[in-house]
Amino acid sequence: MNNMIAATDPSLKKDDLILVAGAGGFIGGSLVRYFRQQGFSRIRAVDKKPLPDWYQRVEGVECISMDLSEKENAVRAVVGATEVYNLAADMGGMGFIERFRIECLRSVLINTHLIESAYRAGAQRYFFSSSACAYNTILQQDPNVRALKESDAYPAMAERGYGWEKLISEMFCQEYWAERGLKTAIARFHNVYGPHGTWDGGREKAPAAICRKVIEAKDTGKHEITIWGDGHQTRSFMYIDDCVFGIDQIMHCDRLIATPINLGSSELIAINALVSLAEEIGGVTLQRHYDLNAPRGVAGRNSDNTFIQQVLGWEPKTPFRDGLAKTYAWIEEQYSDRKAGKRIVHD
Ligand code: NAD
């Protein structure tokens, strides 16, 4: 079993430069914070969003706002970097990825420029954030799905747009290792949730959206909730802390070079059960309405964790109830700050 992480990797020094792309977003921002806490002193964080809009800004980190789908910016971003983590993508929940397929597909430019630049700049390792949306959708037509294992991506019938972009970018990572010897790591994330994620505005995913709707219903006194689909869709959800630790382990495991691997929880939860849990946390019961015309994605999706358990001994540590309670509390705070007219501060 391989349990190496950045902090214990003998080939990585605490002042080696780590580049995190997409650092103004949810997972990228949390990864930056994590590496800082691990004692890494030189971290460069890059995101297309203007700096005040980043979800987290971590002290002592070089933060740059630039668009990595432009080649010259990608070249600039990786100068001097020992490790490169690509968490940048134009993405969101089902509402976004079913509607904006071109934006999702265009993320291929980010990875294409970043991996070539990382290779030319002599980076030691390169991480790509893939997705469960890369899996064959035909295997996901039943809410009681069997969990998806890594080989289920082929024959390919990925989520149109977003999923195909992930598959082709995975292939880039595999070929940069096969042909050019760049050590690449590829994790297929399954629904990540937690504080500091998108919770409003159209790109949010189910756990954040449901928490916000419960909070809104309590606040307005209108005790109703609209759920996308029939509520029987199932997913598994991974708490952000488990995700960043998994990224670190996957990146520093030589057995996993250029090998896509699931990073997710294997606890299957129906959307209706998610709503019940959010209601319980909020201390309220709402009348449910089902919008059958809303985007709902595949009927069911779960992560088969046999491979990651076998290679890394990794499994999520955070029970869904605990993670959702923390997420709910954070969104509630954001909600009341915004209501009080405060700019939502991302510390
Ligand atoms: P996010 O939207 O919070 O973060 C992505 C960040 O990338 C955003 O801040 C965005 O501004 C930035 N970005 C987009 N285009 C860019 C560009 N051209 N140049 C520089 N920055 C750009 O999303 P997230 O949840 O943090 O996701 C991170 C990665 O994980 C993405 O690759 C995503 O596809 C993948 N992923 C996430 C989940 C999930 O549940 N959150 C699931 C599967 C895969």
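Reader: In which handedness does helix 1 pass helix 8?

Author: This is a predicted model, in which local features need pLDDT of at least 70, side-chain atom pairs count only at pLDDT 80 or more, and totals for chains, interfaces and linings use all residues. Residues are numbered from 1 along each chain as its sequence is written, and side-chain values use heavy atoms, with hydrogens and water left out. A crossing is left-handed if the near helix is turned anticlockwise from the far one by less than a right angle, and right-handed if clockwise. For helix 1 and helix 8 the crossing is right-handed.

Reader: Why does helix 1 count as roughly perpendicular to helix 8?

Author: Helices (H or I, at least four residues) and strands (E, at least two) are DSSP runs, numbered from the N terminus. Axes are lines fitted to C-alpha atoms, for helices over the stretch in contact, and angles run from 0 to 180 degrees between N-to-C directions. Angles under 35 degrees count as roughly parallel, over 145 as roughly antiparallel, 65 to 115 as roughly perpendicular and the rest as oblique. Helix 1 (residues 26-37) and helix 8 (residues 240-251) have axes 10 Å apart and pack at an angle of about 70°, which makes the pair roughly perpendicular.

Reader: At what angle do helix 7 and helix 11 pack?

Author: Helix 7 covers residues 206-220, and its axis is 9 Å from that of helix 11. Helix 7 passes helix 11 in a right-handed crossing. The two are oblique to each other, and the angle is about 55°.

Reader: How far apart are the axes of helix 9 and helix 11?

Author: Helix 9 spans residues 271-282 and helix 11 spans residues 320-339; they pack at an angle of about 60°. That makes helix 9 oblique to helix 11. The distance between their axes is 10 Å.

Reader: Which side chain meets Glu-280 in a salt bridge?

Author: A salt bridge is a side-chain nitrogen of Lys or Arg within 4 Å of a carboxyl oxygen of Asp or Glu. Here the distance is 2.8 Å, N to O. The pair links distant parts of the chain, 41 residues apart, with Glu-280 in helix 9 and its partner in helix 11. That partner is Arg-321.

Reader: Is Arg-212 buried or exposed?

Author: Arg-212 and Glu-216 both lie in helix 7, 4 residues apart, about one turn of the helix. Their side chains meet in a salt bridge of 3.6 Å, N to O. Buried means under 20% relative accessible area, exposed over 50%, and partly exposed in between (1.4 Å probe, protein chains only). Arg-212 has a relative accessibility of 9%, so the residue counts as buried.

Reader: Where does Tyr-154 lie?

Author: Tyr-154 is partly exposed, at 42% relative accessibility. Leu-167 is 13 residues from Tyr-154 in sequence and 9.8 Å away in space, C-alpha to C-alpha. Tyr-154 lies in the loop between strand 5 (125-131) and helix 6 (162-180).
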